[in-house]
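Grab a pencil and work through these exercises with the model open beside you. Each one sets a task and then walks through a solution.

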Amino acid sequence: MPNSCQSSSTDTDVDAVVIGAGFSGLYMLHRLRNTMGLRARVFETGGGVGGTWYWNRYPGARSDSDSYIYGFTFDEQLWQQWEWSERYPEQHEIRAYLEHVAERYDLDHDITFDTTVRGAAFDEDSDTWTVTTDTGETVTARYLITGVGALSASNTPKFPGLDAFRGATYHTGQWPHEKVDFTGQRVGVIGTGASAVQAVPLIAREAEDLTVLQRTANYVIPANNGPVPDEVRQARKADYAGIRERIQNSTFGFELTTLEKGAAESTQEEVDAVLQPRWDEGGFGIWLGSYVDMFFVDDANAKVRHFLHDKIREKIDDPQTAERLIPKGYPFGCKRNPLDSGYYETFNLPHVHLVDVKSNPIAEITPAGVKLVDGTEYEFDAIVYATGFDAMTGPLNRIDIRGRGGRLLRDKWADGPRTYLGLMSAGYPNLFTITGPQSPSVLSNMPVSIEQHVDYIAGIIDHLRDRGATTIEPTAEAEDAWVAQNQQLAEATLFPTADTWYMGANIPGKPRVFLPNLSFVGPYRAKCDRIAENDYEGFTISGAREGATA
Ligand code: NAP
């Protein structure tokens, strides 16, 4: 790829520092360096590219997005040439794809691996960022762009005795690179989120005895994975432009359409008839491609729940286990809906046990295993923590990011994130957060939102350079309005009624605010574009010198 390298801010080491070499960081680097001719450096904690897919190597890890839309669309040739082997791409295949992207666009040599950014401070005299790493490097840049992922700061609950366990421990989000063999072992899995739902069936194949410790049952829908028929693949290849246009302007970044008629105004029989083909098809159709009113009205949601509860009962042999696997106390769809490949069926196996740790919570980790509050102790050879992440704000708050006046971003966000468009925060000029909190991000098919944010950031930087400006940041008013609107949108729905990582509820002490944004992919994109057309309304651009470069 050509690199014209017509750099501008020669008083900094590079024009931009990017944190993270997953989907976000890779595409951002490509845009900055290969299409804009800027000097950029990427720092990545992992030893290779991949981001979330570098770390999440647990058995069964794969995307829940259909593979034909789980990738970049900015380069038609890349999209046409890459072949996915199944309906949903598996972890190693996504990592291979991202390695291919890095090679294709010659990205590796500007990425420093095995290096974690510890801090970044904005200098108000020079309008530059100084970035420091755990390897002792210091780099200055005009722009600081985070591609740290929404679900990358893994969370292990602080159980008493955590280090006492004599056996092996694993976290799904920090899985070893070499294969873990559970053959002949007694394994305990803590957690029943999307990671556990994928890992449990495969761990059960090896383990002599498997105990799943469940705090909250999840609504799990069949993935229906498998090879994609040739004619479907070819039809998609012929429709690149249409697919791109549809996902970019969709509600959630998928080719799914919601129904006009609500569940509230339908009979249970009608709802069942509508949901059955979506259940058979597998994927997110029931969640993101059916009834809109189930997100707003509990009566509507109850009809969808009724359908799903029956499905769980059909799948589980033991009625008591079935009742434990039936989610209670929160609406369907307001907790991330995992897709499974044999999750429920695993609980019909004689060596697999389900333990309720909501009514009888985990009291401590012991040398032998896990002890519950009532004194029951489970002995394990290995414990798998499938306990999730400090989502969205966690990865950013773990970095000492200091803006104007030396103020730490995590202090500013002590009561929850404060952003404009989920992209920038007032007092932190030229800091961009790709798919950051308060953007559609995790409520969308991520690559679609990542491409939109990266292109938007590139547009902003081009605009600054054209105007000879040095900084951009949101006004306090624009940020206040976005934060308020973010909450209002969420409060109009049932999302806040569920204890989820969307609400920060999985991390003790984390403020309970809705972390993503409910504007939806297409309308959010249109809003961002209108803001740009209106001379970046809501942002302050400074340091402009007519005819100069930034
Ligand atoms: P998660 O959804 O947050 O699940 C964590 C699990 O650990 C929950 O069941 C949680 O229970 C349990 N847990 C946490 N603290 C506990 C405690 N102190 N005691 C007992 N149980 C505890 O995490 P995840 O499964 O890693 O998934 C996180 C997100 O990553 C997903 O929602 C999804 O967005 C993404 N992901 C995607 C894929 C995919 O695309 N295929 C795969 C994996 C992950 P509670 O529910 O009660 O909090």
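**Exercise 1.** What covers the buried residues of H10?

Before we start, two ground rules. This is a predicted model, where local features need pLDDT of at least 70, side-chain atom pairs count only at pLDDT 80 or more, and totals for chains, interfaces and linings use all residues. Residues are numbered from 1 along each chain as its sequence is written, and side-chain values use heavy atoms, with hydrogens and water left out.

*Step 1.* Find the helix. H10 covers residues 298–315; helices (H or I, at least four residues) and strands (E, at least two) are DSSP runs, numbered from the N terminus.

*Step 2.* Check its length. The expected span is 1.5 Å times one less than the number of residues, so the 18 residues of H10 should span 26 Å, and the end C-alpha atoms, 25 Å apart, agree with that.

*Step 3.* Pick out the buried residues. Buried means under 20% relative accessible area, exposed over 50%, and partly exposed in between (1.4 Å probe, protein chains only). In H10 the buried residues include Ala 300, Val 304, Phe 307, Leu 308 and Ile 312, but also Lys 303, Arg 305 and Lys 311.

*Step 4.* Look at the cover. It includes strand E10 (221–222), H8, helix H9 (285–288), helix H11 (319–325) and helix H12 (343–346).

**Exercise 2.** Work out how Trp 82 and Trp 84 pair, then look at the pair Phe 252 and Phe 520.

*Step 1.* Rings of Phe, Tyr and Trp (its six-membered ring) pair if their centres lie within 6.5 Å; planes under 30 degrees apart count as stacked, over 60 as edge-to-face and the rest as tilted. The count comes to 37 aromatic pairs.

*Step 2.* Apply it to the tryptophans. Trp 82 and Trp 84 are 5.7 Å apart, centre to centre, with 70° between the planes, which makes the pair edge-to-face. Trp 82 is buried at 18% relative accessible area, and Trp 84 is buried at 14%.

*Step 3.* Now the phenylalanines. With centres 5.4 Å apart and planes at 75°, Phe 252 and Phe 520 are edge-to-face too. Phe 252 sits in the loop between H7 (240–248) and H8 (268–281), and Phe 520 in the loop between H16 (476–491) and H17 (521–533), so the pair ties together parts 268 residues apart in sequence. Phe 252 is buried at 10%, while Phe 520 is partly exposed at 28%.

**Exercise 3.** Trace what Tyr 97 belongs to and what it touches.

*Step 1.* Start with the rings. Tyr 97 is in one aromatic cluster whose members include Phe 23, Trp 82 and Trp 84.

*Step 2.* List the contacts (heavy atoms within 4.5 Å). Leaving aside neighbours within four places in sequence, Tyr 97 is in contact with Phe 23, Gly 71, Phe 72, Leu 78, Trp 82 and Trp 84.

*Step 3.* Check the core. A nonpolar core is a set of buried Ala, Val, Leu, Ile, Met, Phe, Trp, Tyr and Cys residues joined through side-chain atoms within 4.5 Å. The largest has 54 residues, and Tyr 97 is among those that touch the most other members. Helix H15 (446–467) gives the most to this core, with 8 residues.

**Exercise 4.** Where is Thr 146 placed, and what does Thr 146 touch?

*Step 1.* Thr 146 belongs to strand E6 (residues 138–146) and is buried at 1% relative accessibility.

*Step 2.* Not counting residues up to four places away in sequence, Thr 146 touches Ile 19, Leu 396, Leu 431, Phe 432, Thr 433 and Ile 434.
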